[in-house]
Amino acid sequence: MRIEQLEYIRAVTRLGSLRRAADHLHLSQPALSETVRNLERELGVDLLERRRSGATISDKGRELLPYINGVIEAVDRLRSAADEQHRMARMVRLGTVNAATVPLLIPAVRAFREAHPATQVEVVGAQQAEIHRRIREGSFDLGLVNYLTGDDLPPDLATTELLRGRPVVCVRPDSPLAALAAVEVADLLREPLIVMRSGYVMHRLVHRLLDGRAPSFSYSTDGAEMGKLMVAEGLGATVLPEFSVAGDPLLRSGAITYRPLAHRVAEVLLVIQSQRSTSGPRVARDLHRFLVDRARECRTDARARATG
């Protein structure tokens, strides 16, 4: 039995005659009739009622039609699932709040690409709420987001901690803040401040740190990468997790530096999240593994810097 034989029977039923079905399927009537006869011999049932005026579906064929349709629909679902699986195997979509991009994300993506050269990686910058929504609906496989220590984690998402770090003040080397061993809130208020937009964890942390006080001037932006570029161009200072600054090319080139906060604040956690209810495509699990492995290397590097 072949699936096209069942599709031919359904076409005869839908179009009302063998002749019209043959025209629709671009087959000769003898070829279509012979194909149906082969199926009838295999099933032991006359599916068509043949008369001089033409062949139409028989009563027995009509009784079997729900089963025929069920098989065809099941095959269609199988093909659709296989197509989706093939598509997912060639694309991994990751949402990120743009934290630890240089030390963590880029090396992990590079290692993943070496292992999966035919698989595309789509990295999309977004706020945490948008990343969560798109993970839940399935348009993101993974999400890199920040939390503050003590925050509640969403119970419906699988969460793996990658990095944690103290918030630091990122400044240009020629900034007055760079001359300080640690930056007080009062010092920070005297400088133009680059803050993340509402919806980012670092916006919430800075709001908590300033406790209602306003800086001399402030900018609002999306993500650590833009914040560091604005600092390098002399627009002001910004508060970021240490793991988003350490090892950055702008730091290595001397365009930016950073100082600890004198005020004690919560640590920032960088985590990788995915749907808890499904294991996801294999390539997404592999990218998850590369991110975890690279995070382990970052933690080792951080301990070496601390003891060196």
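**Ground rules.** I note that this is a predicted model, in which local features need pLDDT of at least 70, side-chain atom pairs count only at pLDDT 80 or more, and totals for chains, interfaces and linings use all residues. Residues are numbered from 1 along each chain as its sequence is written, and side-chain values use heavy atoms, with hydrogens and water left out. Helices (H or I, at least four residues) and strands (E, at least two) are DSSP runs, numbered from the N terminus. Two strands count as paired if DSSP finds at least two bridges between them.

**Hairpin.** I went back to E1 and E2, which form a hairpin with two residues between them. Leu48 has Ile57 in E2 as its bridge partner.

**Sheet.** Next I traced an open sheet of five strands with mixed pairing, in the order E4-E3-E5-E12-E6. Its edge strands are E4 (120-125) and E6 (157-165), each pairing on one side only. The twist averages 25° from one strand to the next; axes are lines fitted to C-alpha atoms, for helices over the stretch in contact, and angles run from 0 to 180 degrees between N-to-C directions. I then checked E3 (residues 91-96), which pairs with E4 in the parallel sense over six bridges. There, Met91 has Gln120 in E4 as its bridge partner.

**Helices.** Helix H8 (residues 201-210) lies across E5 (142-148) and E12 (268-275), at about 5° to E5. Helix H11 (residues 282-307) lies across E3, E4, E5, E6 and E12, and runs at about 25° to E6.

Terms used: Contact = heavy atoms within 4.5 Å.
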